[in-house]
Amino acid sequence: RPPRRVGGVAYSYQSLVVHGFNFRERAGRRGDETGLTAAAQRLMMRATVEAGARLHVGFGNLSLAHERLYGGVGLSLAEPRVRLSAVPTEGVRCTTGEGVAEAATAVVRDHATTACDLLGVSGAEVQVERALPRHVGLGSGTATALTALTAIARAHGHEPRPRERAPAMGRGGRSAVGVAVFERGGFVLDA
């Protein structure tokens, strides 16, 4: 089904019936107590999350009296986007889709490992379907980290709570613009 938009983030979940094959009916004949094969359970729990890049217009010193050092102004962009899919597994595995640079795999794997530890889950297989260019000022670090967190949380049936968990993911320490853009999109004044 089409992605559901919430602020700057789009979520979608895979259907349980794929190409007319009813996993519950087939697994039930095998005596599986849940009525689902392991493959069907993983497919059912696939979460796909995508988020756009952001522009950070500038920093403002908030003084040492605040948790963050800086505030700022920023805005979300419709393109380019990061898109990750996650399914629950044991351990963390990361793969890339067609046309995605292999370098994205290591970055996403690190974020996925942190997210699994933070969420207290056994692991996830994360597929990088689209990646943001790195080190060009588009907020790829925050967008990728929070997309990984959200996809893994959704795949495991947890609430992602990106604003609350961003510091543990190593994001939002200097400015909250990237986190706010991830959550809501639009124009952000962080003060």
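## Backbone features in loops and strands

His135 lies in the loop that joins β8 (123–130) to α4; helices (H or I, at least four residues) and strands (E, at least two) are DSSP runs numbered from the N terminus. His135 is not a glycine, yet its phi is positive, at about 60 degrees. With a relative accessible area of 71%, His135 is exposed, where exposed means over 50%, buried under 20% and partly exposed in between (1.4 Å probe, protein chains only).

Arg161, in the loop between α4 and α5 (162–165), also has a positive phi, near 45 degrees. Arg161 is partly exposed, its relative accessible area being 39%. In strand β6 (residues 70–88) stands Pro80, and the peptide bond from Glu79 to Pro80 is cis, with omega near 0 degrees.

## Basis of the model

This is a predicted model, in which local features need pLDDT of at least 70 and side-chain atom pairs count only at pLDDT 80 or more, while totals for chains, interfaces and linings use all residues. Residues are numbered from 1 along each chain as its sequence is written, and side-chain values use heavy atoms, without hydrogens and water.

## Packing of α3 and α4

The axes of α3 (residues 103–119) and α4 (residues 140–155) come within 9 Å and cross at roughly 50 degrees; axes are lines fitted to C-alpha atoms, for helices over the stretch in contact, with angles from 0 to 180 degrees between N-to-C directions.

Residues of α3 in contact (heavy atoms within 4.5 Å) with α4 include Val107, His111 and Leu118. Among their partners in α4 are Thr144, Leu149 and Ile152.

## Overall composition

The protein has six helices and nine strands. Buried residues form 44% of its 191 residues.
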